[in-house]
Amino acid sequence: MSFPVSRFVVGALALLFLAGGVLIASQRVSPSLSAEASAESAPPPILAPVVQPIVANGIVAPISHVDLRFAVHGTVREVLVREGDMVRAGDPLARLDTDELETRIAQARANLSAAQANYELLMSAATPVDIQRAQAELTRAQARLREVSNAVTSHTRAAAQSRLDAARAALARLEAGPDPADVRALRAELRQAEADLQATRDRLSLEKTTLRLQMEQAANLLRERQTEYARIRDENQARSEPLTSDQRTREVTARLAMDNAEKALEQARVAYDAAVQAERTGMTAAEARVDAVRARLERLLAGPAPDQLAAARAAVAQAEEDLARLQGEQRAAAIEAAQADVAIAEAELERLLAGARPAEAAMARARVEEAQATLEQAERALERAILRAPIAGIVAALNVKAGEIADPQIVAVRLADMRGWRIETTNLSELSVTRLHEGAPAIIRFNSLPDLEISGKVSGIRPLGTGREGDATLYTVIITPDHIDARLRWNMTAQVQITPDR
């Protein structure tokens with residue numbers, strides 16, 4: 001009986017546990033089901049669109065800059081500024097060599113003055129003085145024509161040819177170097193001068209030695225005479241009885257001999273001093289002669305100096321030009337020029353005698369206007385030879401030096417207005433640029449200044465793409481910082497984060 005009851009109890013307990021599990025499960029599931037039902041019945045929430053910032057690389061640039069080039073080729077005469085200099089608008093920065101341009105201006109001014117004077121003269125009535133002056137000019141032109149036509153004879157051509165031959169021969173001698181005969185002669189002269197120097201040294205040394213020995217002998221003789229005189233004088237002074245005539249005579253004679261010995265020594269000393277001075281003078285002269293001959297030999301062996309060659313070549317060129325003027329095309333040109341002067345003088349005299357005609361007056365006025373235009377053109381050319389600053393700013397780069405050839409294709413000076421900076425993007429694609437507008441806020445960071453972050457705004461979007469990256473065109477966007485940091489430099493790399501409008 002016990003076994004079936006226990007099985008009943010166990011089964012009842014199992015049913016109770018199963019019912020409790022179902023109840024608990026139903027309690028856990030029912031809230032979620034109710035939530036899902038309510039969610040399905042309620043409207044979905046409205047989410048705000050997320051605006052992603054646009055990030056691009058850029059470089060730091062001044063608010064404005066300009067690259068300057070010379071308008072014409074030429075040699076740079078002077079550079080008036082250095083890198084880092086502040087300049088004002090209109091200041092000269094560099095200047096080409098303007099000698100030729102200034103000459104053209106001077107010539108143009110002279111031509112203008114002549115054209116104006118000719119016009120005024122043409123429009124004024126001719127006076128007797130003007131007619132006489134024109135007749136005198138015609139006479140002078142005719143005389144010049146006769147002179148040019150009759151100046152050349154066989155003798156003048158022969159003389160010009162002789163001068164040319166002589167100039168060429170002189171140049172050939174210089175270019176050929178020293179003549180061996182001249183070298184031998186100078187070397188022989190140098191050996192003779194050196195031998196004369198040695199002979200002079202030996203002769204003067206011998207004379208000096210001889211006179212020194214004579215001076216020493218005179219000194220020895222003087223000492224002997226002084227000793228002899230002192231002995232006789234002392235003996236006479238030691239005598240107690242009066243001196244005899246012979247004793248006094250001996251003392252006087254000894255004194256006289258001593259005086260003569262002193263004079264002889266003085267004469268010998270003077271002669272020795274003269275020999276010493278003669279040796280110095282003679283040696284100096286002989287050594288100078290040796291040095292002079294040696295210098296001439298060295299110059300001869302060194303060949304002609306550059307200025308000698310230049311002078312010889314110039315002499316040849318002048319002789320060739322003189323000969324050319326006496327024959328061939330140059331002579332014909334000189335005759336034609338003289339004939340033209342005669343024709344001009346005749347025309348001027350006829351004009352004065354006939355008075356000005358309307359066509360002549362118009363032509364003279366046209367010449368004045370042409371000369372004025374030529375002068376203005378020359379002045380503009382001179383102005384183009386000076387590189388001036390179109391804006392005020394700092395000389396950021398200088399690519400010219402005095403003496404160099406200016407090339408209009410090369411930037412000579414770069415000016416920048418660095419009172420402010422701007423950031424120019426370098427990799428902003430066409431997909432991003434369409435989302436931007438001027439005034440959009442931006443954050444600027446710098447690779448070289450990691451601690452620096454500056455706010456700014458988009459101040460410009462260039463309409464023309466600057467390049468391509470893959471399939472996308474790149475555009476440049478200008479961001480103006482809200483404030484400036486003194487550490488910023490031109491072309492520093494930066495990263496900008498721009499908040500677009502969508």
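1. **Basis.** This is a predicted model: local features need pLDDT of at least 70, side-chain atom pairs count only at pLDDT 80 or more, and totals for chains, interfaces and linings use all residues. Residues are numbered from 1 along each chain as its sequence is written, and side-chain values use heavy atoms, with hydrogens and water left out.

2. **Overall make-up.** The protein has 10 helices and 15 strands. Helices are DSSP runs of H or I, at least four residues; strands are runs of E, at least two; both are numbered from the N terminus. Of the 502 residues, 27% count as buried. Buried means under 20% relative accessible area, exposed means over 50%, and partly exposed lies in between (1.4 Å probe, protein chains only).

3. **Surface and contacts.** The protein exposes about 32300 Å². Carbon and sulfur atoms supply 56% of that area. Accessible areas come from the Shrake-Rupley method with a 1.4 Å probe; for residues, only the protein chains shown count as cover. Take the contacts between residues at least 6 apart in sequence: 80% join residues at least 24 apart. A contact means heavy atoms within 4.5 Å.

4. **Four-strand sheet.** This open sheet has 4 strands in the order β5-β4-β2-β7, with antiparallel pairing. Two strands pair if DSSP finds at least two bridges between them. Strand β2 (residues 74-79) is joined to β7 by 2 bridges. Here glycine 74 stands opposite alanine 406 in β7.

5. **Three-strand sheet.** Another open sheet runs β9-β13-β12, and its pairing is antiparallel. β9 pairs with β13 (residues 472-475) over 2 bridges. Leucine 428 has tyrosine 475 in β13 as its bridge partner.

6. **Largest pocket.** Its volume is about 260 Å³. The search uses a 1 Å grid over the protein atoms alone; a pocket is an open set of points where a 1.4 Å probe fits, with protein on both sides within 12 Å along at least five of seven lines, and lining residues have an atom within 4 Å of a point. The lining has 14 residues, with Leu174, Gly177, Pro178, Leu300 and Pro304 nearest the centre. The elements giving two or more residues are α4 (154-176) and α6 (245-302). The largest share, 4 residues, comes from α4. By class, there are 7 nonpolar, 3 polar and 4 charged residues. Ala, Val, Leu, Ile, Met, Phe, Trp, Tyr, Cys and Pro count as nonpolar, Asp, Glu, Lys and Arg as charged, and the others, Gly among them, as polar.

7. **Arginine 313.** This residue lies in helix α7 (residues 306-325). Arginine 313 counts as partly exposed because its relative accessibility is 43%. Leaving aside residues up to four places away in sequence, arginine 313 touches Leu171 and Glu175. The C-alpha atoms of arginine 313 and alanine 172 are 9.8 Å apart, though 141 residues separate the two along the chain.

8. **Asparagine 491.** Check the backbone here. Most residues other than glycine have a negative phi. Asparagine 491 has a positive phi of about 75°, although it is not a glycine. Asparagine 491 sits in the loop between β14 (477-481) and β15 (493-498). With a relative accessible area of 49%, asparagine 491 is partly exposed.

Methods. Points joined across faces, edges and corners; volume = space filled by probe spheres on them.
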